[in-house]
Amino acid sequence: MTTVDEHLERILAEVAPTRPRRAGLEQAHGCVLAADVRATVALPSFDNSAMDGYAVRAADVAAATEDAPTVLPVVGDIPAGPGTPAPLEPGTAVRIMTGAPLPRGADAVVQLEWTDGGRESVAVRRPAARGLHIRRAGEDVTPGALVLPAGTVIGSAQIGLLAAVNVARPPVHPRPRVAVLSTGTELVEVGSRLGAGQIVDSNSHGIAAAAREAGAVVRRLTGVPDEPDAFAKALHGVLGDVDAVVTTGGVSVGAYDVVKEVLTGTGSVRFDQVAMQPGKPQGFGLVEGVPIFALPGNPVSALVSFELFVRPALRRMRGLTATGLPRIVVTVGTALRSPSGRRSFVRVGLDRLGENGRPGPATVARPAGGQGSHQLTSLAGAQALLVIPEDVTEVPVGSRLPALLLGGDAGAVLSGLGWAETDRSDTDTDTGAGADTGAGAGTGPSEPIAR
Ligand code: AMP
Ligand code: MG
C-alpha cells in the first residue's frame, strides 16, 4: 500500500501553478499575485491636506492664542479636485478641504475647529506646528517601492492598494478551472423524484463546493453512467477547457468501476491502495497534461480525499506555497480504535476543556457521529479530522494527537448565493434550539449527533 504522504507527494510533484496572466481587479480578487508589484507612482502623489481647515504658514500663526487669536485674510478656497493652487503669500490663509492639494508656501493646516470658520478673514486660536495636518507625497508608497510581493493573496485591502497605485491589471495565477464529474448509474440530480435503487448525486455538489471553497472555478457534471464510453466521452469533453478534473466513484475493484477501467494506463494515471481510512482506493495522474483526481464514491471518502489530496493541489495551482490544512494538537476525549497499518481521519468536534478537567486550556476532540464512509452527518458536524497514525490501534482518553481543521479557505469563495435566489420558504425549518454538538458533554463516549 502507498502511504498518504507518498500519494500527496506524487500529486504535488505533478501539479504546477496556473500560467500567470494579467487580470482586471474584479477578476484578480481572490487570486494569488504571480509577480512582485512595484509602485510607479508615489502615494500620496502630492502634498495634501489631512483636514478641512486653513492652509497657512506656521510662522504666521505662531503667536495665536484663545484670548488673542491671529487674524489672517482668506484669499480663496481649495477644494479637492484637479489643478495646481496658486502659491500662498505670507500673512494670508486659504480655506482648504481634506485631500485638496497644498499650495506652495503653506507649511501647516489649521483645522476648522481651531478657528472661527471665517470666509473673508479667519481668526486662528492656536498655533500650528510646521507640517501639521499635511499628508506628504510618498508618505505611504515611494516610486519603485515593493507594494505587494509575489505570492500575496489578493483580498480587499490588496485590491484597494493596487487601485491606489494605479495598477489596473496585476499579474495573477488564474483560479484553476476544475471539472467535477460524478459517476454512477444509480445517481439522479438533487430535487428529482427517486425511483427504486436510485440515490441523489451528493458528491458532485459537495466536491464542487469544496473546490469553490479552495478557490477554483467549477464546472459540475452529474451522474455519468457506469459505461466506459459514456465516461470517456464526458471526460474528453472537458479536458481541453480545464486545469484539473475530479471524478468520484468507480475506482474500486468491482465490476462496473468505469473510472478505473477507462483510466488505468491512460496518461500517467495510476490507481493505488492508499493506507488511510476513509478513502483507500485513489487514482491520480495526468491525461493530456491535465491532472485527474479519481476519488472514491462514498461521500465521506470523496470529501476527505478532497481535503487531503485535491485541496493541497488546488492551492499549489493557485500559486500558494502553504498547501496543507491547518493543523493543531488536541486531547482525545473519547477512547478510539483504528485499523493497524492505516492512517485514520476521524471526524471530530472540538471543545475547550472546562474547569474540572486538567489544568490549562486544551482542545478536546470527540467523534462528531458515526464514522462510516457513507455517514455524511458526522462530516457536516465536524470541525476537524483527528489523525490517528498508522501504527496506533488503541487511542486512550487523554491522548494527544494532531487534528486537521476543516472549514475551507476563508475568503476564497466568490460565487455565493445571490440575494435574489434566497428562498425564504426553505429557511424557516426548526433546527432544534440549543442543538448539542456532542462536545463537552461529560467524559463518557460521545453520542452521535442526530440531525
Ligand atoms: P463506487 O465507488 O462507485 O462503488 O461508490 C461507492 C458508494 O458510494 C456507493 O454506495 C455509491 O452509491 C456511492 N456513491 C457513488 N457516487 C456517489 C455520488 N455521486 N453521490 C452519492 N453517493 C455516491
Ligand atoms: Mg459507482
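This is a predicted model: local features need pLDDT of at least 70, side-chain atom pairs count only at pLDDT 80 or more; totals for chains, interfaces and linings use all residues.
Gly250 is 24 residues away along the chain, yet the C-alpha atoms of Asp226 and Gly250 are separated by 7.5 Å. Gly250 leads on to the ligand: Gly250 is one of the residues that come nearest to ligand 1.

## The ligand site

Ligand 1 has 17 residues around it. Nearest are Glu186, Asp201, Ser202, Asn203 and Gly250. By class, the shell holds 10 polar, 4 nonpolar and 3 charged residues. Two strands each supply at least two residues of this shell: strand 13 (177–183) and strand 15 (199–200).

Which atoms of Glu186, side chain or backbone, lie 2.6 Å from an oxygen atom of ligand 1? For Glu186, the atom is an N or O of the side chain. Gly250 uses its backbone instead, with an N or O atom 2.9 Å from a ligand oxygen. Gly297 also uses a backbone N or O atom, and here the distance to an oxygen atom of ligand 1 is 3.2 Å. On its own, ligand 1 has 480 Å² of accessible area, and the protein covers 76% of that. The space that ligand 1 takes up is the largest pocket.

## Thr115 in its loop

Thr115 belongs to the loop between strand 8 (108–111) and strand 9 (121–124). Is Thr115 buried or exposed? Its relative accessibility is 6%, so Thr115 counts as buried.

## Cis peptide bonds

Two cis peptide bonds deserve a look. One joins Leu43 and Pro44, with omega at about -10 degrees. Pro44 has its place in the loop between strand 3 (37–38) and strand 4 (48–49).

Another cis peptide bond joins Gln277 and Pro278. Its omega is about 0 degrees. Pro278 lies in the loop between strand 19 (276–277) and strand 20 (281–287). Gln277 is the residue at which strand 19 ends.

His133 is not a glycine, but its phi is positive, at about 55 degrees. His133 is found in the loop between strand 9 and strand 10 (134–135).

Tyr256 is another non-glycine residue with a positive phi, here about 65 degrees. The loop that holds Tyr256 runs between strand 17 (244–248) and helix 6 (258–263). How much of Tyr256 is accessible, and is the residue buried or exposed? The relative accessibility is 63%, so Tyr256 counts as exposed.

Ile388 is found in strand 26, which spans residues 384–388. Its relative accessible area is 0%, so Ile388 is buried. Ser338 is 50 residues from Ile388 in sequence. In space, the C-alpha atoms of the pair are 7.0 Å apart.

Leu146 lies in strand 11, residues 146–148. At 41% relative accessible area, Leu146 is partly exposed, because this value falls between the 20% and 50% cut-offs. How far apart are the C-alpha atoms of Leu146 and Asp36, 110 residues apart along the chain? The separation of the Leu146 and Asp36 C-alpha atoms is 6.9 Å.

Note on methods. Residues are numbered from 1 along each chain as its sequence is written. Chains are lettered from A and ligands numbered from 1 in the order in which they are written. Side-chain values use heavy atoms; hydrogens and water are left out. A residue is near a molecule or strand if one of its heavy atoms lies within 4 Å of it. A polar contact is a pair of N or O atoms within 3.5 Å; within protein, one must be able to donate a hydrogen and the other to accept it, and residues adjacent in sequence count only if both atoms are side-chain atoms. Accessible areas come from the Shrake-Rupley method with a 1.4 Å probe; for residues, only the protein chains shown count as cover. On a 1 Å grid over the protein atoms alone, a cavity is a set of points where a 1.4 Å probe fits but cannot get out, and a pocket is an open set with protein on both sides within 12 Å along at least five of seven lines; lining residues have an atom within 4 Å of a point. A molecule sits in a cavity or pocket if more than half of its atoms lie within 2 Å of its grid points. Helices (H or I, at least four residues) and strands (E, at least two) are DSSP runs, numbered from the N terminus. Ala, Val, Leu, Ile, Met, Phe, Trp, Tyr, Cys and Pro count as nonpolar, Asp, Glu, Lys and Arg as charged, and the others, Gly among them, as polar. Buried means under 20% relative accessible area, exposed over 50%, partly exposed in between (1.4 Å probe, protein chains only).
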